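Open your viewer and get ready to click through a few selections. We will go from one stop to the next together.

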Amino acid sequence: MVTPIGQILMSSCGLTQDALDEALRVQERKGGRIGEILTAQKAVTETDVLEALGAQFKLPVMHALPPVDGRAGFTDKVPIQFLKTYRMVPVDTPEGPGIAVNDPLQFEPLDDLRRLLGPDATRVCLAPLAAINTAINTAYDMGGDSAERVIQGMQDEDSDRLLSEIRRTGDLLDDTSAAPVIKLVNLMLSQAVRDGASDIHVEPYQDQLKVRYRVDGILYNMLSPPKNAQDALVSRIKIMANLNIAEKRLPQDGRIDIRIGDKQVDIRVATLPTAFGERVVLRLLDKSQALRRLPDLGMDRDALTAFDRLIHLSHGIILVTGPTGSGKTTTLYAVLGTINHPDINIITIEDPVEYQMDGIGQIQVNPRIGLTFAGGLRSIVRQDPDVILVGEIRDRETAEIAIHSALTGHLVFSTIHTNNSAGAVTRLIDMGIEPYLVSSSVVGILAQRLVRTLCPECREAYAPDAASLKEPGIPADAFSDGEIFRGRGCGACLQTGYRGRAGIFELMVMDDPLKALLLKTADANAIESEAAARGMTTLLQNGLARVRAGKTTLEEVFRVTQV
């Protein structure tokens with residue numbers, strides 16, 4: 001006799017009789033699996049239910065699935081929607097080929113899948129739903145035609161015929177179109193998302209077409225499609241972005257919302273006419289990723305404590321500075337997530353609005369209808385805000401309104417493009433803001449950069465050469481133990497030695513001595529020297545601390561901190 005799963009959960013993980021009775025009442029009213037109901041009610045975890053099902057059906061449980069090779073053959077035989085609907089995927093179990101399932105009661109679909117796969121796929125194991133979905137998406141993302149094979153098929157295609165085959169698609173992994181240009185764009189996007197790229201560049205030249213993508217801040221060659229596919233490729237992207245494919249003389253901006261497996265991706269598209277055709281840049285934003293919290297940004301303890309105090313002030317301006325792509329927006333969203341409470345009114349004006357946040361009023365800049373940062377900011381202050389976020393201070397008008405908002409009791413966050421924190425003060429004064437207004441409104445400036453972090457799979461220790469240790473700004477005893485780390489390069493990091501990025505920070509708190517100095521001079525070097533003397537950790541110093549901790553390399557720190 002099979003033991004009911006409720007009894008197994010009561011004996012194995014402490015499920016109470018009251019919780020089980022409540023789940024049984026829900027099941028009687030609405031139907032469904034008792035394990036799923038208990039998980040939804042947070043009475044047990046999915047792991048508890050899987051272990052109980054494993055005991056009930058005498059099946060092994062695999063909490064993590066091995067990588068699935070999409071070129072093994074089943075992606076050509078089994079529709080992706082079949083696997084997603086019935087929550088199962090072919091895998092290699094420790095005993096051999098098999099099938100991972102999330103619901104062992106799906107007997108008929110399981111038998112159908114076995115018949116499709118052949119006599120070897122007899123073993124069945126249980127796995128979490130997230131692991132099964134990831135394995136499905138990985139297999140169908142990697143399976144099928146490669147971009148190189150598609151390009152080979154396009155070499156002799158007539159460009160007019162390619163243009164005639166352009167059409168819209170839905171989920172890229174579900175698209176089975178035979179049109180080469182559609183296949184190529186789908187493969188470009190799915191490969192970029194899989195490799196964690198932030199941008200794709202389609203670059204036309206006199207006799208060639210290049211496609212590059214940016215991973216961890218560095219551009220890499222991706223593809224070289226035939227030149228005769230250029231018009232079709234650009235037109236396909238423009239159609240997806242709802243742009244005018246007939247207009248090739250003026251720059252255009254658009255956006256694409258796509259789904260690639262379990263990832264929802266927002267793509268900003270910008271076209272630019274050049275001498276050899278339209279250049280296209282696609283900025284990829286994975287909206288399925290959770291917003292980072294402030295402690296996850298990587299600030300050291302002292303800087304985090306000081307910054308947390310600043311963001312909870314009642315008024316003043318806090319600036320985040322750095323070049324494009326240095327993570328300023330991520331930091332500001334982490335700040336808003338920290339201070340977002342029902343008792344305060346937060347309004348933002350951004351270009352563009354990258355993430356939607358509950359409880360926050362977010363305004364999209366639209367210069368074509370006159371909605372600029374300055375114009376929007378004027379309207380925001382009449383909405384009784386407690387906290388205002390201005391995407392970027394670009395001109396004197398925006399800076400003046402932001403400063404007056406801070407002086408009238410609002411906490412204002414914004415970004416500005418400068419090389420370091422002290423340079424932000426000089427930039428505001430260069431815009432025409434009086435020094436006394438800057439000193440009385442700005443409470444803190446955070447400069448940041450993103451450095452690539454070493455791949456944990458291929459990281460190795462080595463002794464740096466003497467020339468590297470004589471670079472300006474490195475203290476004589478910075479690496480007294482004589483050993484730091486570098487990456488050899490492996491398959492996990494695309495042979496770069498790096499995987500992922502982390503922030504380095506320089507927080508300048510505008511205390512009374514710095515404000516007094518600002519009234520005397522706007523020299524960024526003098527202000528930085530005074531702030532460093534008062535204990536500020538510079539970008540270079542914070543980067544060297546990351547090197548000592550084995551997180552990144554000297555070369556990477558010098559690359560992002562050179563001014």
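**Stop 1: a sheet and its helix**

Start by selecting residues 197–204, strand β4, and residues 209–215, strand β5: they pair in the antiparallel sense over 7 bridges. Strands pair here if DSSP finds at least two bridges between them; helices (H or I, at least four residues) and strands (E, at least two) are DSSP runs, numbered from the N terminus. Within this pair, look for Ile200, which stands opposite Tyr213 in β5.

This is a predicted model, where local features need pLDDT of at least 70, side-chain atom pairs count only at pLDDT 80 or more, and totals for chains, interfaces and linings use all residues. Residues are numbered from 1 along each chain as its sequence is written, and side-chain values use heavy atoms, leaving out hydrogens and water.

Now widen the view: 6 strands form an open antiparallel sheet in the order β6-β5-β4-β9-β8-β7. Its edge strands, β6 (218–223) and β7 (252–260), each pair on one side only.

**Stop 2: an enclosed helix**

Next, select residues 554–561, helix α22. Which of its residues are buried (under 20% relative accessible area, 1.4 Å probe, protein chains only)? They are Leu554, Glu556, Val557, Phe558, Val560 and Thr561. Because 6 of its 8 residues are buried, α22 is largely enclosed by the rest of the structure. Show β15 (442–454) and α21 (539–548) too, as they are among the elements covering those buried residues.

**Stop 3: Leu519**

Finally, pick Leu519 in helix α19 (residues 512–520). Leu519 is exposed (over 50%), with a relative accessible area of 52%. Pro435 lies 84 residues from Leu519 in sequence, yet their C-alpha atoms are 5.8 Å apart.

Conventions
Contact = heavy atoms within 4.5 Å.
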